[in-house]
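Hi everyone, thanks for coming. I'd like to walk you through a structure that may be new to you, so please have a look at it first.

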Amino acid sequence: MKIPEILNNSKKTLFSFELLPPLKGGSIKDIYKTIDPLMEFNPPYINVTYHQEELVLKKRANGLLEQKTVRKRPGTVAIAAAIKNKYKVELVPHLICGGFTKEETENALIDLNFLGINNILALRGDIQSGQKSFIKEESGHGHAMGLVKQIVELNKGKYLDEELFNKQATNFSIGIAGYPEKHPEAPNMEMDIYYLKKKIEAGAEFIVTQMFFDNKKYIDFVKLCKQNDINIPIIPGIKPISTLKQLNILPRIFSIDIPSELTSEIIKAKNKEHIREIGIEWAINQSKELKKANVPVIHYYTMGKSLNIQKIVTKVF
Ligand code: FAD
């Protein structure tokens, strides 16, 4: 089932979460261990992130450094198919522009279509580690908008090679990312909303937000979207803080604010376990408030760990 249908058919706030493929060498069993404790809360769908290749320096036998590109977390499409088969839930694999030519994108979409997957979160992708800005493939997309348009074309049965015989249309529902505190590269919120709207006009049907720690940021973002005639579901993304380091890392990576009340509680924490408890309690309060505000779904960023998410959803759902 497509995400907009799932949301339309539900009168209450739903629960969903996002998984990362394990680091290369890891096992699908690690993924199942993350999912199992969360299945009793009936997530109607699960997201699986996509990670492009990274530039890494490897030491050669002669001591010199060699630059290599390595995909550290492969397997998004296969993991999505394995989860769908085992748990009978809908899957929302992420598809990114980074590292993909248009042809490779088309082939990935064909794979997903054959696997019976009907939802995609279409993203530009993070800037490759070791690079200062996003670099697109020569014949790839530089923005999520291009990817949205390509999926829409395939949904009409339009493949890159117009001479193909017996072309079948795909049937994907497309989600996109939204940023309550503005995308880090956008010059201002107005421009960010302008491009968000363009992606919706191109065919996107739902938005999943970047994580935020102050619900007012999300509420204001939803209001701003409405004022700009953006009327598709806006799914809030929540992540519990779990380490002291994240107080610096999360704002730096995602350009988000962490409320001073939360930072001062964390700084005063007795130990690591206490920090985790504070993060969980904060996410519980955020979730309860969002549920009261009748958001369609609360989407949790697991970062590969489900225990803290389990503690939150036990109190919220
Ligand atoms: P875009 O829509 O391309 O926007 C990027 C920037 O360009 C914005 O500032 C926007 O305002 C601007 N812009 C948009 N369109 C245009 C245009 N046509 N011309 C000029 N400017 C434009 N990253 C991963 O690598 N893998 C993942 O699995 C992943 N999952 C994510 C899930 C969620 C819910 C979110 C919120 C983010 C996720 N990301 C993931 C991170 C995401 O890829 C980055 O935030 C990336 O920097 C931007 O992606 P986007 O799809 O918003 O890009």
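Let's begin with Glu 277, which lies in helix α10, residues 272–292. When I say helix or strand, I mean DSSP runs numbered from the N terminus, with H or I over at least four residues for helices and E over at least two for strands. Glu 277 has a relative accessible area of 44%, so it is partly exposed. On that scale, buried means under 20% relative accessible area, exposed means over 50%, and partly exposed is in between, using a 1.4 Å probe and protein chains only. From C-alpha to C-alpha, Glu 277 and Asn 308 are 8.5 Å apart in space, while 31 residues separate them in sequence.

A quick word on what you are looking at: this is a predicted model, where local features need pLDDT of at least 70 and side-chain atom pairs count only at pLDDT 80 or more, while totals for chains, interfaces and linings use all residues. Residues are numbered from 1 along each chain as its sequence is written, and side-chain values use heavy atoms, with hydrogens and water left out.

Now, please turn to helix α4, residues 102–114, where you will find Thr 105. Is Thr 105 buried or exposed? Its relative accessibility is 1%, so Thr 105 counts as buried. Setting aside residues up to four places away in sequence, Thr 105 touches Leu 95, Phe 100, Leu 147 and Gln 150, where contact means heavy atoms within 4.5 Å. Asn 113 belongs to helix α4 too, and at 25% relative accessible area Asn 113 is partly exposed. Beyond its neighbours within four places in sequence, Asn 113 is in contact with Thr 170, Asn 171 and Phe 172.

On to the inside of the protein. In soluble globular proteins, nonpolar side chains tend to be buried together. By a nonpolar core I mean a set of buried Ala, Val, Leu, Ile, Met, Phe, Trp, Tyr and Cys residues joined through side-chain atoms within 4.5 Å. The largest one here has 79 residues, and the members touching the most others are Ile 35, Ile 46, Ile 83, Leu 196 and Tyr 300. Another core of 15 residues lies apart from it, with Met 211, Ile 241, Ile 258 and Ile 275 among them.

Next, the ligand. How many residues surround the ligand? There are 24, and the closest are Tyr 50, Tyr 179, His 183, Asp 192 and Lys 199; to be near, a residue needs a heavy atom within 4 Å. The side chain of His 94 has an N or O atom 2.8 Å from an oxygen atom of the ligand. For Gly 125, a backbone N or O atom sits 3.0 Å from a ligand oxygen atom. Taken alone, the ligand exposes 970 Å², and the protein buries 88% of that; these areas come from the Shrake-Rupley method with a 1.4 Å probe, and for residues only the protein chains shown count as cover.

Last, two loop residues. Most residues other than glycine have a negative phi. Lys 182, in the loop between β7 (173–178) and α6, has a positive phi near 75 degrees. Asp 229 also has a positive phi, about 60 degrees, although it is not a glycine. Asp 229 is in the loop between α7 (215–227) and β9 (234–238), and at 58% relative accessibility Asp 229 counts as exposed.

Terms used
Polar contact = N/O pair within 3.5 Å; in protein donor to acceptor, adjacent residues only side chain to side chain.
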